[in-house]
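Please examine the following structure with attention to how its parts are arranged and joined. The explanation after it moves from the whole to single residues.

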Protein chains: 2
Amino acid sequence: MTNIVNEVLTANSAYAEGFDKADLPMPPGRHFAILTCMDARLDPAKYAGLSEGDAHVIRNAGGRASDDAIRSLVISYKLLGTREWFVIHHSDCGMETFTDDIMRDLLASSLKAASIDADGWHDCGQGPGSTEGSYIEWLTIKDQAQSVLEDVRRIKAHPLVPADIPVYGYIYDVKSGRLMEVPEATAAGK
Amino acid sequence: MTNIVNEVLTANSAYAEGFDKADLPMPPGRHFAILTCMDARLDPAKYAGLSEGDAHVIRNAGGRASDDAIRSLVISYKLLGTREWFVIHHSDCGMETFTDDIMRDLLASSLKAASIDADGWHDCGQGPGSTEGSYIEWLTIKDQAQSVLEDVRRIKAHPLVPADIPVYGYIYDVKSGRLMEVPEATAAGK
């Protein structure tokens with residue numbers, strides 16, 4: 001067992017010792033969902049004031065409105081009754097630090113290296129594996145306000161999203177802990 | 001402004017007032033990532049003992065190893081240095097309560113209704129919109145231990161995932177707050 005596994009299980013035991021949430025129902029009690037970034041500095045329960053049972057939280061690299069995020073939001077609405085959604089990106093996001101081309105080059109060179117010096121990557125050699133990164137849209141971000149706006153628009157335009165659900169656009173500032181509205185996104189999300 | 005927006009912003013102001021995390025670096029300090037479900041009853045920071053800055057948290061409906069989750073994990077490893085991953089599904093998951101066919105029927109009937117009584121859905125009529133749900137793989141779950149195993153296997157088999165990264169499989173019990181290992185998943189994740 002690694003140190004990390006040990007630490008996680010020790011922390012979990014402490015949480016379970018004082019656990020008093022056994023009777024929470026499956027549907028979110030406050031009927032809303034948040035789509036936000038996986039970034040380690042973000043704790044949506046803390047920054048948005050959530051207790052266990054309150055709201056769905058969907059997270060991926062960038063907090064982007066990927067097909068998978070939309071799958072989750074549609075389930076959240078249709079089966080579990082959320083009626084308002086937040087899209088929350090953040091300042092100093094890793095997704096601003098690279099482009100699809102940079103990521104593809106980085107992965108291609110790592111994979112080529114793997115066939116030579118076995119640095120831990122799958123040994124995909126010079127074949128299809130070395131260009132696997134080209135088949136993934138990495139959903140990088142140039143401008144946070146713009147990406148929030150685009151994601152709110154994409155969600156609202158999806159044929160499985162109910163027309164009247166409000167979608168709010170925000171940026172979380174990692175320096176202050178504050179949520180800052182992107183007014184044009186919230187307007188587009190009406 | 002709705003009550004929910006007001007409550008979220010009020011909670012956020014209180015969080016920001018006492019904010020002392022301005023200097024956290026972008027890469028996760030504890031070098032690991034968790035993939036888990038969006039379920040409102042789960043608070044990964046609490047159940048795994050995370051502080052802001054510690055670990056990436058990726059969440060979707062079911063905590064499934066979707067293409068988008070793998071996109072996020074590859075970025076987490078390659079650009080931001082995580083070196084261990086957890087896949088954590090949970091008991092009493094909404095994804096066990098339906099099948100692709102049920103979801104598709106539900107969406108198709110809602111969309112048809114929308115063209116008649118304008119119940120808030122996009123007015124897609126009987127056309128392409130009414131079968132839009134058929135184009136989405138909903139990633140439902142029949143058995144949690146099996147879904148954890150399948151997801152760990154899918155992650156390990158992905159050509160962009162480094163061969164030597166350990167992936168651990170767990171189920172979170174919503175009745176007790178406890179993480180329970182799925183040993184065959186963790187074994188497959190070695």
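Predicted model: local features only at pLDDT ≥ 70, side-chain atom pairs only at ≥ 80, totals over all residues.

Residues are numbered from 1 along each chain as its sequence is written, chains are lettered from A and ligands numbered from 1 in the order in which they are written, and side-chain values use heavy atoms, with hydrogens and water left out.

Chain A contains six helices and five strands; helices (H or I, at least four residues) and strands (E, at least two) are DSSP runs, numbered from the N terminus. Along the sequence these elements follow the pattern α-β-α-β-α-β-α-α-β-β-α. Of the 190 residues in chain A, 58% are buried, where buried means under 20% relative accessible area, exposed over 50% and partly exposed in between (1.4 Å probe, protein chains only). Among contacts (heavy atoms within 4.5 Å) in chain A between residues at least 6 apart in sequence, 65% join residues at least 24 apart.

How are two copies of a chain related? In general, they are related by a rotation about an axis and a shift along it. The same surface serves both copies, since 100% of the contact residues of chain A recur in chain B.

The interface draws 95 residues from chain A and 95 residues from chain B. About 8,100 Å² is buried between the chains, and carbon and sulfur atoms give 63% of this area; buried area is the accessible area (1.4 Å probe) that two parts lose on being put together, summed over both. A:Met26, A:Met38 and A:Arg71 supply 9% of the area that chain A buries against chain B, more than any other three residues.

Six salt bridges link chain A and chain B, each a side-chain nitrogen of Lys or Arg within 4 Å of a carboxyl oxygen of Asp or Glu. One of them joins A:Glu7 to B:Arg30, with the closest N and O atoms 2.8 Å apart.

A:Asp39 is found in the loop between strand E1 (32-37) and H2 of chain A. Is this residue buried or exposed? With 4% relative accessibility, A:Asp39 counts as buried. Beyond its neighbours within four places in sequence, A:Asp39 is in contact with A:Arg59, A:His90, B:Met26 and B:His56.

B:His56 lies in strand E2 (residues 55-60) of chain B and is buried, with a relative accessible area of 1%. Leaving out residues up to four places away in sequence, B:His56 touches residues including A:Met38, A:Asp39 and A:Ala40 of chain A, and B:Ser76 of chain B. The side chains of B:His56 and B:Ser76 make a polar contact (2.7 Å), that is, a pair of N or O atoms within 3.5 Å; within protein, one must be able to donate a hydrogen and the other to accept it, and residues adjacent in sequence count only if both atoms are side-chain atoms.
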